[in-house]
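This report describes one protein structure for a reader who is new to the subject. Please keep the sequence and the model in view while reading.

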Amino acid sequence: LGRRHSLTGKSSSADLCSCGASLAGMTEADRRFHQQSRRHITNCRALRRGRIVVAENFSEYRRSIETVVAATDRVLEVGCGRGVTTALIARRCGHVLGVDLSAKVIAMARSRFPRLDFLEADASDVSALRARGPFDKIFVDVNGSRELQMLLPLLEALDAALAPEALVVKNAPLKRLLMRASLVDALPNPSCRPRPLG
């Protein structure tokens with residue numbers, strides 16, 4: 001069972017399971033039952049998958065290369081455009097494949113970086129990407145302001161089919177949404193809120 005940290009940063013009792021489920025108010029028998037539940041097993045499987053890094057802009061996206069990519073990694077960049085970020089990734093890893101849907105930008109990328117590997121493909125065609133893998137890390141830049149209803153299914157498909165150790169995504173709406181997120185147990189107790197003045 002995991003421990004959680006309150007909003008003050010101090011460790012509190014084990015009210016949060018290692019799978020992310022709230023254990024607050026559960027008896028010891030309920031906690032043992034939870035650890036055998038489908039919810040617990042499903043959450044634990046999801047947590048064993050690679051980490052996800054969310055960047056808001058090009059600066060953060062490209063800065064993540066330094067901390068995410070290792071020298072022996074095979075990396076896929078989805079939405080590579082003209083290949084600039086793909087070239088930056090190539091400086092740090094064993095192999096990188098840049099993928100974009102646009103034939104025009106793939107031609108520009110190949111012209112600009114002839115020693116790098118580029119593929120004109122639809123990122124949602126995970127079988128074509130899997131055939132070029134495996135990949136340790138995946139970078140995704142399919143327009144940094146893309147709507148989440150388009151982006152999330154793509155991320156889930158890439159993660160499920162390619163099982164990367166890390167998935168780096170450039171998307172401002174996703175980062176802003178996650179910055180507002182909290183686990184249920186990390187929320188302050190409503191009864192502890194100060195009363196309005198007056």
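## A buried aromatic residue and its partner

F139 is buried, with a relative accessible area of 0%; buried means under 20% relative accessible area, exposed over 50%, and partly exposed in between, with a 1.4 Å probe and protein chains only. Y61 also counts as buried, at 0% relative accessibility. The model is predicted, so local features need pLDDT of at least 70 and side-chain atom pairs count only at pLDDT 80 or more, while totals for chains, interfaces and linings use all residues. Residues are numbered from 1 along each chain as its sequence is written, and side-chain values use heavy atoms, with hydrogens and water left out.

A pair of aromatic rings is described by the distance of the centres and the angle of the planes. The structure holds one aromatic pair, formed by Y61 and F139 in an edge-to-face arrangement, 5.6 Å centre to centre with 75 degrees between the planes. (Rings of Phe, Tyr and Trp, the last by its six-membered ring, pair if their centres lie within 6.5 Å; planes under 30 degrees apart count as stacked, over 60 as edge-to-face and the rest as tilted.) Because Y61 lies in helix α3 (residues 58-68) and F139 in strand β5 (residues 137-140), the pair ties together parts that are 78 residues apart in sequence.

## Overall architecture

The protein has eight helices and six strands. Helices (H or I, at least four residues) and strands (E, at least two) are DSSP runs, numbered from the N terminus. Along the sequence, the pattern reads α-α-β-α-β-α-β-α-β-α-β-α-β-α.

Of the 198 residues of the protein, 39% count as buried. Contact means heavy atoms within 4.5 Å; among contacts with a separation of 6 or more, 53% are between residues 24 or more positions apart.

## Nonpolar cores

In soluble globular proteins, nonpolar side chains tend to be buried together. A nonpolar core is a set of buried Ala, Val, Leu, Ile, Met, Phe, Trp, Tyr and Cys residues joined through side-chain atoms within 4.5 Å. Which residues have the most contacts inside the largest nonpolar core? They are L76, V78, I138, V140, L151 and L158, in a core of 23 residues. Two or more residues each come from β2 (74-78), β3 (95-100), α6 (126-132), β5, α7 (148-162) and β6 (166-170), and α7 gives the most, with six residues.

Another core lies apart from this one and has twelve residues, among them Y61, V75, C93 and A166. Returning to I138, its contacts, leaving aside neighbours within four places in sequence, are L76, V78, L158, L162, P164, A166, L167 and V168.

## Cysteines and a charge over a ring

A disulfide is a covalent bond between the sulfur atoms of two cysteines. Counted as pairs of cysteine sulfur atoms within 2.5 Å, the disulfides come to zero. C80 is buried at 6% relative accessible area, and C93 is buried at 11%.

The charged end of K170 sits over the ring of F58, 4.3 Å from its centre. (This requires NZ of Lys or CZ of Arg within 6 Å of the ring centre and within 35 degrees of the ring normal.)

## Backbone features

Most residues other than glycine have a negative phi, and most peptide bonds are trans. The peptide bond from G133 to P134 is cis, with omega near 5 degrees, and P134 is placed in the loop between α6 and β5.

A163 is not a glycine, yet has a positive phi of about 45 degrees. A163 lies in the loop between α7 and β6 and counts as exposed, at 54% relative accessibility.
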